[in-house]
Amino acid sequence: MSNFNRYIALVLVWGLAACAGGGGDPAPAPTPPTPPTPTVNPPTAASLSLPEKNKICETGVSVSTNQSEVTFTWAAGTNTESYDLLVTDLNTNAVQTFSNITAPSRKVTLNKATPYSWRVISKTTKTTTTATSESWNFYLAGSSIVNYAPFPAEITAPISSIFATITNGKVTISWKGSDPESDPLTYTLFVDLVDGKQTPIAQFTNITATSMDVPVQTGKVYFFRVKSSDGKNSSYSVIYQFRT
């Protein structure tokens, strides 16, 4: 073979090799699609069952002279893994919290002859969102009582320890009242700059309204509470305060 023919043969070999390996770098593999974020449904509020709302003679199971064991039950909320049960002594406003309950029921030992409220918080580890049930009152029975005292008034405004809104030199104090036997109630509002226990003015005694406009001075701390009476027995809210 002549040199010229050898040269042509080599050129053909090189060309075939270039064609076989041509096209540059291989195309990158396609990026897999990002999987969708799963939807997390928040818990729903439990429906309270027992003790019944505003029950006046919840007896529970007596465990001592002064205490009874009360069973709290509720209908389970959806998307819920656990519950917190909150039981409030309405005489002192002290709250007992029972956490991480996995069944819709809990037994609690409480003082007899005492009004309570209770509510349930539904929770799940899949989200920080929670759901809170209604709040129900009941009266844990003690010795035989002919007439039950009203439930202590629930203060609705102003919220304790905040700066109250002043309108025309006055602050509106409002509350909710209820009686285990649905007796009509009258109220007395105690409000002062000392301790919430000073003698109230006549205008604030034995009223049927559930709110009063109170004249105030700016730059002061006021203390207040509400007495509820059914004509035979009385109860007092805890003492609240507000700033002006």
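Me: What percentage of the residues in the chain is buried?
Reply: The model is a predicted one, and a residue is counted as buried when its relative accessible area is under 20%. Applied to the 244 residues of the chain, this gives a buried share of 35%.

Me: How many helices and how many strands are there in the chain?
Reply: The secondary structure of this predicted model can be stated briefly. The chain holds one helix and 17 strands.

Me: Among contacts between residues at least 6 apart in sequence, what percentage joins residues at least 24 apart?
Reply: A contact here requires heavy atoms within 4.5 Å. Of the contacts in the chain that link residues at least 6 apart in sequence, the share joining residues at least 24 apart is 65%.

Me: Which residue forms a salt bridge with Asp-84?
Reply: The rule asks for a side-chain nitrogen of Lys or Arg within 4 Å of a carboxyl oxygen of Asp or Glu, and the count by this rule comes to two salt bridges. In the one that involves Asp-84, the closest N and O atoms are 3.2 Å apart, and the partner is Lys-123. The pair links distant parts of the chain, 39 residues apart, with Asp-84 in strand β5 (residues 82–89) and, in strand β8 (residues 114–124), Lys-123.

Me: Is Glu-58, which forms a salt bridge with Lys-55, buried or exposed?
Reply: The closest N and O atoms of Lys-55 and Glu-58 are 3.4 Å apart. Lys-55 is partly exposed, because its relative accessible area is 29%, a value that falls between the limits of 20% and 50%. Glu-58 has a relative accessibility of 12%, and because buried means under 20%, Glu-58 counts as buried.

Me: Where in the chain does Asn-91 lie?
Reply: Asn-91 is partly exposed, with a relative accessible area of 42%. Its position is the loop between β5 and β6 (95–101).

Me: How many Å apart in space are Asn-91 and Pro-152, C-alpha to C-alpha?
Reply: Leaving aside residues up to four places away in sequence, Asn-91 touches Thr-114, Pro-115, Pro-152 and Val-238. Asn-91 and Pro-152 are 61 residues apart in sequence, while their C-alpha to C-alpha distance is 6.7 Å.

Methods. Residues numbered from 1 in each chain as written. Predicted model: local features only at pLDDT ≥ 70, side-chain atom pairs only at ≥ 80, totals over all residues. Heavy atoms only, no water. Helix = DSSP H or I, 4+ residues; strand = E, 2+ residues; numbered from the N terminus. Buried < 20%, exposed > 50% of the residue type's maximum accessible area, 1.4 Å probe, protein only.
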